[in-house]
Amino acid sequence: MKLHYDMIVIGSGPAGKRAAIQAAKIGKKVLLIEKNEVVGGVTVHTGTIPSKTLRETVLFLSGWRQRGIYGRSYKVKDNITADDLKQRLTTTLGHEIEIIQHQLMRNGVEIQYGHARFIGEKSIGVEDHDGIMHDFTADYFVICVGTKTRRPDSVPFDGEAIMDSDEILKLSRIPKKLLVVGGGVIGLEYATIFKALDIEVTVLESNDYLLGFVDREIIDELIALCRKEERTRFEKELVEYEDETTIESELLNIKSAHLLGQGFLEAALKAMQEIPLVDQDNYGQFNPFVRRFKDCVNCLLPDSVTTYNRIELIELMLEMEFNARAAETADQAASIYFDLGEAFYNMSYFGQAWKATDLFRSSASASRAYRNKGQKIFSQVGLPLGNAENFDTDRARRYFDLARRTAKSKEIQVAAAYMAAKCERDDFYTKQERRTYDYFGIIETDYSDTQFYQRIINECRDFQAYLLK
Ligand SMILES: Cc1cc2nc3c(=O)[nH]c(=O)nc-3n(C[C@H](O)[C@H](O)[C@H](O)COP(=O)(O)OP(=O)(O)OC[C@H]3O[C@@H](n4cnc5c(N)ncnc54)[C@H](O)[C@@H]3O)c2cc1C
């Protein structure tokens, strides 16, 4: 006979544990199913607690916190081994699992170990670790099965030299050098832990920034303060003007700019739409689609050109994305992607259409830009893009590259490659590492028979020089 419950929860990570205990607290009969041999989920076995324990162990054994007093070479233990790191881990995790088991038991949550799968609309089959099947039914189900580490087929994981973030806890020896792929929270957490062991650590990140979401989280916190009914004196200092109105609209504008810069158009639009209607025109009128063959410093838009406020502009860009996907021919789609690249390019320091561009190109800010090479974001309150006004042409380059790869016409391809090459060249202002010239190479090898190529050779004095690099 199938056992019946008010609620079945699948997965005993933080989500499942809380759902089960909450339901049990209001008198429901609850079964929690966990496919591992012990409860706890990622947090306990491979995530939060192991990584923090490892961090504390490394900080202690490496004497990191005392190095300010005793000097850089101070260590609590010489030759720290993988076993040293694992010892504390095993004790801490065992303790955590006990706490969770006790919490579940105290609240009357029943536990079934094994892999759960639905076998009917309201029934579940669980194969336990001895291969025995158990069937259960319930009125309600909560699925809390969490996530898995991504393991692309192209990566030859072996658990020894190439491992994912779960396997790192099973390290059999501490490496001399470590390459961490991904500059997100977990990548940086392990990178800094191993760096504290004086291991040579390199982080590879495909974006131009590490922890890209952090600025946005800070902005969201400040927006929440603006919306709070009662603010402390400190909070008032942070978000209020002298007349006690708040900087909420400015923050939403900056948030929208951050999202736009990272290509999240829908979210950027939503942030902008939260600004009261009467204020929505306060953030400039633009047309970043105006095409110029060469950079044009301090150019104003001709009066005849239509301009858009930020909401209208993002809406238009979204419509263009849709049209590109729905386009009948490859060249039509490529032209739209090219225009989107153009818009992102013009919204950067290197464009001509945004008012901010001219502001940045005034000599003072240009020289500061050069001195600050490596820092991409300048604090310039009041610019249309707020503090996010920057030199990042990565988004533009991606659209130009998409246009090049989509187009059938070689003339469109080469024009897109040319703009992508400009983005690459512009990296000089933002990155400290050596410049790359991949797209100039592509133009020379693949497109020297095009009219566009002949035109740039004739009209652009510097172009030859770049081609030769
Ligand atoms: C290295 C690392 C560090 C982290 N650090 C932090 C941190 O500092 N702070 C923070 O807030 N978060 C951190 N996290 C994230 C945090 O661990 C996760 O957000 C959290 O564990 C998610 O909880 P969950 O309950 O949704 O899923 P999980 O913890 O993944 O639990 C899901 C459970 O479901 C079980 N399950 C899956 N399928 C089935 C099935 N068919 N039948 C039965 N059981 C099943 C799994 O075995 C697992 O136990 C970190 C993560 C990692 C990897």
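Residues 24 or more positions apart account for 58% of the contacts in this protein with a separation of 6 or more, where contact means heavy atoms within 4.5 Å. This is a predicted model, so local features need pLDDT of at least 70, side-chain atom pairs count only at pLDDT 80 or more, and totals for chains, interfaces and linings use all residues. Residues are numbered from 1 along each chain as its sequence is written, and side-chain values use heavy atoms, with hydrogens and water left out.

**The overall picture**

- The protein holds 19 helices and 8 strands; these are DSSP runs numbered from the N terminus, with helices being H or I of at least four residues and strands E of at least two.
- Of the 469 residues, 44% are buried. Buried means under 20% relative accessible area, exposed means over 50%, and partly exposed is in between, using a 1.4 Å probe and protein chains only.

**Around the ligand**

- There are 28 residues around the ligand, and A15, E34, V42, T43 and K52 come nearest. A residue makes that list if one of its heavy atoms lies within 4 Å of the molecule.
- A15 uses a polar backbone atom, which is 2.9 Å from an oxygen atom of the ligand. A polar contact like this is a pair of N or O atoms within 3.5 Å; within protein, one must be able to donate a hydrogen and the other to accept it, and residues adjacent in sequence count only if both atoms are side-chain atoms.
- With H115 it's a polar side-chain atom, lying 3.5 Å from a nitrogen atom of the ligand.

**E127, a contact of H115**

- E127 sits in strand β5 (residues 123-127) and is partly exposed, with a relative accessible area of 35%.
- Leaving out residues up to four places away in sequence, E127 touches G114, H115, R117, I132 and M133.
- One of those, R117, is 10 residues from E127 in sequence and 8.7 Å away in space, C-alpha to C-alpha.

- Helix α7 (residues 214-227) has 14 residues and spans 20 Å from first C-alpha to last, close to the 20 Å expected at 1.5 Å a residue. The expected span is 1.5 Å times one less than the number of residues.
- In α7, the buried residues are R216, I219, I223, L225 and C226, and their cover includes α8 and α9.
- Helix α15 (residues 394-406) has 13 residues and reaches 18 Å from end to end by C-alpha, close to the expected 18 Å.
- D394, R395, A396, Y399, F400, D401, A403 and R404 are the buried residues of α15. They pack against α9 (248-261), α11 (310-326), α12 (330-346), α16 (410-426) and α17 (438-446).

**Rings and charges**

- The structure has 6 aromatic pairs. Rings of Phe, Tyr and Trp (its six-membered ring) pair if their centres lie within 6.5 Å; planes under 30 degrees apart count as stacked, over 60 as edge-to-face and the rest as tilted.
- Y399, one of the buried residues of α15, joins Y337 and F344 in a cluster linked by ring pairs.
- The charged end of R151 sits over the ring of F157, 4.1 Å from its centre. To count, NZ of Lys or CZ of Arg must be within 6 Å of the ring centre and within 35 degrees of the ring normal.
- K29 lies over the face of Y5, 4.6 Å from the ring centre.

- E167 is in the loop between β6 (133-143) and β7 (177-181), and it counts as buried because its relative accessibility is 18%.
- Neighbours within four places in sequence aside, E167 is in contact with R151, F157, G159 and I162.
- T53, in helix α3 (residues 48-61), is buried with a relative accessible area of 7%. It touches R88, L89 and T92, not counting residues up to four places away in sequence.

- Most residues other than glycine have a negative phi.
- D198 isn't a glycine, yet has a positive phi of about 65°. D198 is in the loop between α6 (185-195) and β8 (200-204) and is partly exposed at 42% relative accessible area.
- E244, also not a glycine, has a positive phi of about 70°. E244 lies in the loop between α8 (233-239) and α9, and counts as exposed because its relative accessibility is 56%.
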